[in-house]
Amino acid sequence: MTRSLTAGGDWHIVRNGEGRHSVWPALLPLPEGWIAEGAKGTRDACLAQIETLWADPRPAALRKVMDA
């Protein structure tokens, strides 16, 4: 990503099938396998929200095996 796409602007919180979260510029199409979750916001606001959503950073498959 170029600096012009990542500087300022709105961002999405995105999540993949393994339950991993990230941020993605709202101007770009979402990468394959990721879905937008929640409202758009600043990058910092999205990162702060991820901290509350994603308490366990292990992939879903690993959590399932370890919790069994």
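This is a predicted model: local features need pLDDT of at least 70, side-chain atom pairs count only at pLDDT 80 or more; totals for chains, interfaces and linings use all residues.

Student: Okay, then in which helix is the place of Ala45?

Tutor: Ala45 sits in helix H2, which covers residues 43-53.

Student: And is Ala45 buried, partly exposed or exposed?

Tutor: Buried means under 20% relative accessible area and exposed means over 50%. Ala45 has a relative accessible area of 42%, so it is partly exposed. Ala45 also shows how sequence and space can be read side by side: it is 32 residues from Ile13 in sequence, with 9.6 Å between the two C-alpha atoms.

Student: What about His12: buried or exposed?

Tutor: His12 belongs to strand S1, residues 11-16. Its relative accessibility is 16%, so it counts as buried.

Student: Which residues is His12 in contact with, leaving aside neighbours within four places in sequence?

Tutor: The contacts of His12 include Ser22, Val23, Trp24, Leu30 and Cys46. Ala26, Ala36 and Lys40 are also among them.

Student: Now charges. How many salt bridges does the structure hold?

Tutor: The general idea is that side chains of opposite charge can pair when their charged atoms come close. This structure holds one salt bridge. The side chains of Glu37 and Arg15 form it, at 2.4 Å from N to O. That pair links distant parts of the chain, 22 residues apart, with Glu37 in strand S3 (residues 34-41) and Arg15 in strand S1.

Student: How exposed are the two partners, Glu37 and Arg15?

Tutor: Glu37 is partly exposed at 21% relative accessible area, and Arg15 is partly exposed at 27%.

Notes: Residues are numbered from 1 along each chain as its sequence is written. Side-chain values use heavy atoms; hydrogens and water are left out. Helices (H or I, at least four residues) and strands (E, at least two) are DSSP runs, numbered from the N terminus. Buried means under 20% relative accessible area, exposed over 50%, partly exposed in between (1.4 Å probe, protein chains only). Contact means heavy atoms within 4.5 Å. A salt bridge is a side-chain nitrogen of Lys or Arg within 4 Å of a carboxyl oxygen of Asp or Glu.
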